[in-house]
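Please take a look at the model shown here.

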Amino acid sequence: MRVLVIEDDSLLAQGLVRVLARAGHAVDRVETGLQADKALRAAAYDLVVLDIGLPDIDGFEVLRRLRLRHSTANVLVLTARDAVEDRVHGLDLGADDYLTKPFSVTEFEARVRALLRRVSLPAGAVSVGGLTVHVEAKSVRCNGAPIDLTVREWALLELFMSRPGRVLSKELIAQQLADYDAQLSPNAIEVYVSRLRSKIEAAGVRIRTVRGFGYLWDATDAAA
Amino acid sequence: MRLPSRFGHPGSIRRRLLLFLIPSLLLLVLSASALTYFVALHVATSAYDRSLLDPALDMAANVRMDSDGPRLALLKQAQEALLYDHEDTLVFQIRAPGGAVIAGDDDLNLPPNLQPGERSFFDSLYRGQPVRVAAVRSDNGLYVQVAETLHKRNRLIWEILAAGLVPALLIATATFVVAWTGVARGLAPLASVRTQLLGRSPQDLHPLDEHRTPDEIAPAIEALNRLLAQLRESNDMQQRFLANAAHQLRTPLAGLQMHLELLLRSKLDAELRDEISGMHVATVRASHLANQLLALAKAEASADDSTSSAPIDLFAVADRAVHEWVQRAIARDIDLGFVLEHTYVTGDAALLEELLDNLLDNALRYTPRGGAVTVRCGTELGHPYLSVEDTGPGIPEAARGRVFERFYRVQGTPGDGAGLGLAIVKEVAQRHRATLQVESREGSAGGTRIVIRFPAAALEIA
């Protein structure tokens with residue numbers, strides 16, 4: 001995949017480029033907002049890693065111009081931990097995810113993987129650990145053996161796979177699954193999740209429970 | 001600063017004013033009533049004296065010169081009628097030019113020396129009683145005196161005294177009350193300044209309200225405000241410097257951390273790996289410290305800034321923390337749980353997130369593997385609250401009061417914290433006028449619960 005890193009601190013930028021290159025991506029790097037704008041006009045990127053504090057035009061402006069051109073590139077914004085406004089503003093302008101500095105390499109890799117998987121999800125088969133999912137055919141194989149999912153379990157699996165590495169609240173799950181059913185109680189969701197969990201457990205994919213809140217599709221171990 | 005709370009303080013302006021005002025007013029009232037008394041007495045005495053002169057002149061007019069000398073040609077009844085008074089006893093005396101008593105009472109003393117046609121009034125004694133005497137010397141040299149006891153004159157004195165003193169005392173009392181309340185009202189602006197000063201927190205460096213201060217103390221308030229402004233300025237500079245320094249440190253630290261992590265992934269011999277691993281730990285600590293210093297500077301700075309106050313849903317604050325912290329909890333094998341209700345507080349979202357982050361950081365840092373950390377928010381007795389509880393070792397009783405101090409670390413605790421986390425929590429809580437409560441048990445059945453209780457919500461967002 002093609003990735004653009006927009007970061008003015010050379011040490012950090014070098015690190016980001018190295019991580020992305022090692023993951024097999026084609027990486028370009030620019031240091032200023034104007035250079036970024038130029039690069040984004042010239043080529044189509046799958047992922048943009050965008051620092052907000054840039055020497056000329058800031059990251060928000062780069063993002064705004066990108067979305068004005070109706071670009072669908074995934075944008076991962078890098079912000080300072082204390083800058084809540086930046087985070088909110090970035091998401092409002094159409095950023096797909098954010099990461100607060102400093103972050104660990106593992107964290108960065110997980111976010112990048114999640115964003116790029118989103119790009120690849122609709123295209124045929126997707127593999128996560130021992131799990132192979134054919135979205136169009138609605139078939140799932142666990143370590144090569146086909147498994148049967150109910151309509152609701154399938155919807156749940158799709159939901160988790162579209163937001164890997166993110167914690168999904170029960171409210172959100174109920175909202176997303178409501179298309180298939182009438183109102184879903186938190187208890188019903190627990191039942192669906194535990195059924196799905198037992199069916200895909202063998203593939204090394206974990207659905208972790210965040211007590212009192214929701215669930216986390218934890219594919220980091222499996223995918224690493 | 002200690003200010004006198006009561007009127008009795010020796011340095012009190014009110015006391016000084018009243019100590020001057022009340023005796024002066026009393027003296028004024030007393031001298032005014034004394035003056036009234038003497039003027040009225042003089043007027044009354046001369047009126048009574050004139051009426052005492054009439055019988056003396058009548059007597060003088062009725063003295064006939066016979067062959068055997070002067071003789072009073074008045075019947076006994078006429079004499080009595082002339083001398084009649086319903087209150088006082090009147091007596092008369094007529095003496096020849098030589099001094100011999102011709103008629104009337106012998107017991108009246110000799111009159112003073114008068115020229116013919118002259119008259120005089122004086123005080124004297126008659127049979128041991130004080131009397132007022134009117135004396136006349138007629139053209140033919142006879143002395144005629146009429147004396148009168150002092151009953152009605154004394155009664156008049158008392159009446160004048162009473163008529164003068166009672167209103168004077170009433171006026172004095174009224175004046176006292178007016179002075180007392182007047183001084184209190186006059187000093188009310190001072191009291192309001194005092195209330196303003198006593199009511200503010202030590203961090204509050206806002207200027208005092210200059211519009212409501214009287215001209216007399218305006219210069220003092222202005223001077224105080226200039227001082228506060230200077231303090232604020234130097235405070236701001238210090239905070240800006242700290243925030244700037246911390247901010248500038250973060251990006252190079254983030255780069256350093258990333259490179260060390262990449263290095264740790266490559267093939268290294270054990271010794272080098274240990275060294276790089278140590279550098280990595282130190283870098284993570286330094287970033288953490290830079291973030292915390294920045295958070296502390298921001299929390300202090302915004303104590304001065306009311307623009308960053310908006311209704312914040314604690315649920316949303318905790319919701320963000322779920323995403324931030326769940327991976328770290330998983331990595332440490334700690335069961336991170338949430339019991340959340342929507343509840344609104346007025347404040348600064350970034351600071352509240354910082355508060356929760358530091359509570360969670362602390363809880364995850366000190367809770368052993370396999371433990372649990374639970375975040376709660378909701379409303380209790382009308383007050384929004386946010387709490388984090390853990391199954392860690394607990395905070396020793398003796399340290400509980402000190403854990404919110406900057407750079408304080410409980411002795412013998414593992415981990416690499418700088419001791420700023422709970423200081424940030426305290427600073428942010430204070431900024432939101434929230435209270436902090438620590439419940440902790442030591443030992444294996446231990447655990448710590450830190451509760452932040454906010455003031456009752458001012459508004460509810462639908």
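The model is predicted.

Most residues other than glycine have a negative phi, and most peptide bonds are trans. B:R127 has a positive phi near 50 degrees and is not a glycine. B:R127 sits in the loop between strand 5 (119-126) and strand 6 (129-137) of chain B. Is B:R127 buried or exposed? B:R127 has 10 other C-beta atoms within 10 Å, so B:R127 is exposed.

A:N143 also is not a glycine, and its phi is positive at about 50 degrees. The loop between strand 8 (139-142) and strand 9 (145-147) of chain A holds A:N143. With 13 other C-beta atoms within 10 Å, A:N143 is partly exposed.

There is a cis peptide bond as well. The bond runs from A:K101 to A:P102, with omega near -5 degrees. A:P102 lies in the loop between strand 5 (97-101) and helix 5 (105-120) of chain A.

Chain A contains nine helices and 12 strands. Of its 224 residues, 35% are buried. Take the contacts in chain A between residues at least 6 apart in sequence: 57% of them join residues at least 24 apart.

Between the chains, 22 residues of chain A are in contact with 31 residues of chain B. On the chain A side, helix 1 (10-22) and strand 11 (206-210) are the elements that give two or more residues. Helix 1 of chain A supplies the largest share, five residues. By class, this side of chain A has 11 nonpolar, three polar and eight charged residues.

**Helix pairs in chain B**

Two packed helices are described by the angle between their axes and the distance between the axes.

| Helix pair | Axes come within | Crossing angle |
|---|---|---|
| Helix 1 (residues 13-61) and helix 3 (residues 151-186) of chain B | 9 Å | roughly 160 degrees |
| Helix 6 (residues 270-301) and helix 9 (residues 421-431) of chain B | 9 Å | roughly 20 degrees |

Angles over 145 degrees count as roughly antiparallel. Helix 1 and helix 3 of chain B are therefore roughly antiparallel to each other. Their crossing is right-handed. The contact of helix 1 with helix 3 of chain B draws on 25 nonpolar, five polar and two charged residues.

Angles under 35 degrees count as roughly parallel. Helix 6 and helix 9 of chain B are therefore roughly parallel to each other. Their crossing is left-handed. Helix 6 of chain B contributes B:Q292, B:A295, B:L296, B:A299 and B:E300 to the contact. From helix 9 of chain B come B:G421, B:A423, B:I424, B:E427, B:V428 and B:R431. The classes in this contact of helix 6 with helix 9 of chain B are six nonpolar, two polar and three charged.

**Nonpolar cores**

The largest nonpolar core has 111 residues. Which residues have the most contacts inside it? They are A:I6, A:V49, A:L50 and B:L355. Helix 8 (residues 349-366) of chain B gives the most to this core, 10 residues. Beyond its neighbours within four places in sequence, B:L355 is in contact with B:I424, B:V425, B:V428, B:A429 and B:I452.

A second core is separate and has 15 residues. Among them are B:M59, B:L142, B:Y143 and B:V146.

Technical notes
Residues numbered from 1 in each chain as written. Chains lettered and ligands numbered in written order. Predicted model: local features only at pLDDT ≥ 70, side-chain atom pairs only at ≥ 80, totals over all residues. Axes fitted to C-alpha atoms, helices over the stretch in contact; angles between N-to-C directions. Helix = DSSP H or I, 4+ residues; strand = E, 2+ residues; numbered from the N terminus. Parallel < 35°, antiparallel > 145°, perpendicular 65-115°, else oblique. Left-handed = near helix turned anticlockwise from the far one by under 90°. Nonpolar A, V, L, I, M, F, W, Y, C, P; charged D, E, K, R; others polar. Core = buried A, V, L, I, M, F, W, Y, C linked by C-beta atoms within 7 Å. Buried ≥ 20, exposed ≤ 12 C-beta atoms within 10 Å, placed from the backbone. Contact = placed C-beta atoms within 7 Å.
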